[in-house]
Amino acid sequence: MDASGDRAPNADGPLARASELVAASKRIVAFTGAGISAESGIPTYRDSDDSLWTQYDPDKFANIHYFMQDSSLYWRFFQDVRYQVMATAEPNPGHFALAQMERAGRLRALITQNIDGLHQKAGSEHVIELHGNTRSIRCLACGERYTMEVVYQQLQEELPPPCKACGGLLKPEVVFFGEALPANALNAAAEEASSCDLLISIGSSLQVYPAAALPEQAKARGARLIVVNKTPTPFDGIADVVLREASGSVLPVFAAEAERTSANGDAP
Ligand code: APR
């Protein structure tokens with residue numbers, strides 16, 4: 001209701017309803033997928049013709065068994081396709097909005113499937129990375145860690161890049177298909193999903209398990225569920241609100257609402 005008593009435009013629309021849920025929730029958890037980074041220039045995996053897995057077969061380019069047989073295919077893919085995108089990507093308004101909600105004390109955890117590190121770059125601190133982070137590369141033999149920048153330079157000389165300490169096989173610290181998710185991250189994420197009162201799923205097709213089970217788990221434990229995704233997901237039917245919109249335009253509205261309710265002392 002605005003000052004004139006007229007109902008604000010779209011006051012009954014899904015964005016207004018979602019904002020009301022944000023304002024009323026005490027323990028909000030965000031769950032993000034590749035869609036939140038699409039507006040930063042990082043391709044999604046499977047929803048459009050220029051998505052990564054519609055151009056590159058994940059069974060070859062992101063499968064641990066294939067990698068262990070011949071890592072050179074992955075390292076060429078990293079050198080020619082992934083590195084530049086990851087090295088130049090910057091956070092977008094969606095990432096900054098979630099960091100703002102955390103600073104306002106209204107976001108208790110951010111669970112991400114993304115490996116691009118943009119949530120941390122935007123200022124989010126409590127980030128649970130279910131699928132690891134491509135910015136860190138580790139030797140499978142001795143455990144020595146390197147930055148992706150150092151390994152990219154090394155790739156100009158030799159491919160695959162051997163560990164400088166022991167000559168072992170290097171692999172980015174991301175979860176390949178065929179690998180288990182890091183137990184500590186998955187347990188922490190399950191704990192947050194089970195104890196939140198609102199889970200906001202953002203930019204995920206919700207098709208890859210066990211990550212995709214988390215929004216449903218939150219809902220089953222009594223939380224409200226908001227899905228922000230440009231295309232339909234398998235969990236739209238159980239969501240309290242579905243926003244078929246860009247995360248970069250929706251999340252700043254949530255952040256403003258979170259700050260407004262915190263500033264007014266209305267925060268639940
Ligand atoms: N705003 C909101 N949603 C968007 C936007 C946007 N700007 N752009 C794209 N989307 C949506 C798409 O409609 C799509 O459904 O983001 C979703 C991204 O889905 P996927 O590409 O499947 O990415 P994700 O769900 O993160 O994949 C999960 O699969 O390959 C593995 O490890 C990889 O972490 C990844 C996992």
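The largest cavity in this predicted model is lined by A34, I42, P43, Y45, R82, M86, N114, I115 and D116. A cavity here is a set of points, on a 1 Å grid over the protein atoms alone, where a 1.4 Å probe fits but cannot get out, and a residue counts as lining when it has an atom within 4 Å of a point. Rolling a probe the size of a water molecule over the atoms shows where empty space is left. The largest cavity holds about 50 Å³ of space, a volume being the space filled by probe spheres set on the points, with grid points joined across faces, edges and corners. By this rule there is 1 cavity of 30 Å³ or more.

What kinds of residue line the largest cavity? The lining has 6 nonpolar, 1 polar and 2 charged residues. Ala, Val, Leu, Ile, Met, Phe, Trp, Tyr, Cys and Pro count as nonpolar, Asp, Glu, Lys and Arg as charged, and the others, Gly among them, as polar. Domain 1 (1-42 + 91-131 + 180-263) and domain 2 (44-88 + 134-174) each give at least three residues to this lining; the domain bounds come from an automatic or database domain assignment.

Now turn to the open spaces. A pocket is an open set of points with protein on both sides within 12 Å along at least five of seven lines. The largest pocket contains about 910 Å³ of space. Its lining is made of 47 residues, and A34, T44, Y45, R46 and N114 lie nearest its centre. By class, the lining of the largest pocket has 25 nonpolar, 15 polar and 7 charged residues. Helix 2 (35-38), helix 3 (52-55) and helix 6 (72-88) each supply at least two of its residues, and helix 6 provides the largest share, 5 residues. Helices (H or I, at least four residues) and strands (E, at least two) are DSSP runs, numbered from the N terminus.

The second largest pocket has about 260 Å³ of space. Among its 16 lining residues, H131, G132, E173, V175 and P182 lie nearest the centre. Strand 3, strand 6 (170-174) and helix 10 (183-195) each give two or more residues to this lining, and strand 6 gives the most, with 4. Here too, domain 1 and domain 2 each contribute at least three residues.

Strand 8 (residues 224-228) is joined to strand 9 by 3 bridges, and I226 stands opposite V241 in strand 9.

Residues are numbered from 1 along each chain as its sequence is written, and side-chain values use heavy atoms, leaving out hydrogens and water. As the model is predicted, local features need pLDDT of at least 70 and side-chain atom pairs count only at pLDDT 80 or more, while totals for chains, interfaces and linings use all residues.

Methods: Pairing = 2+ DSSP bridges.
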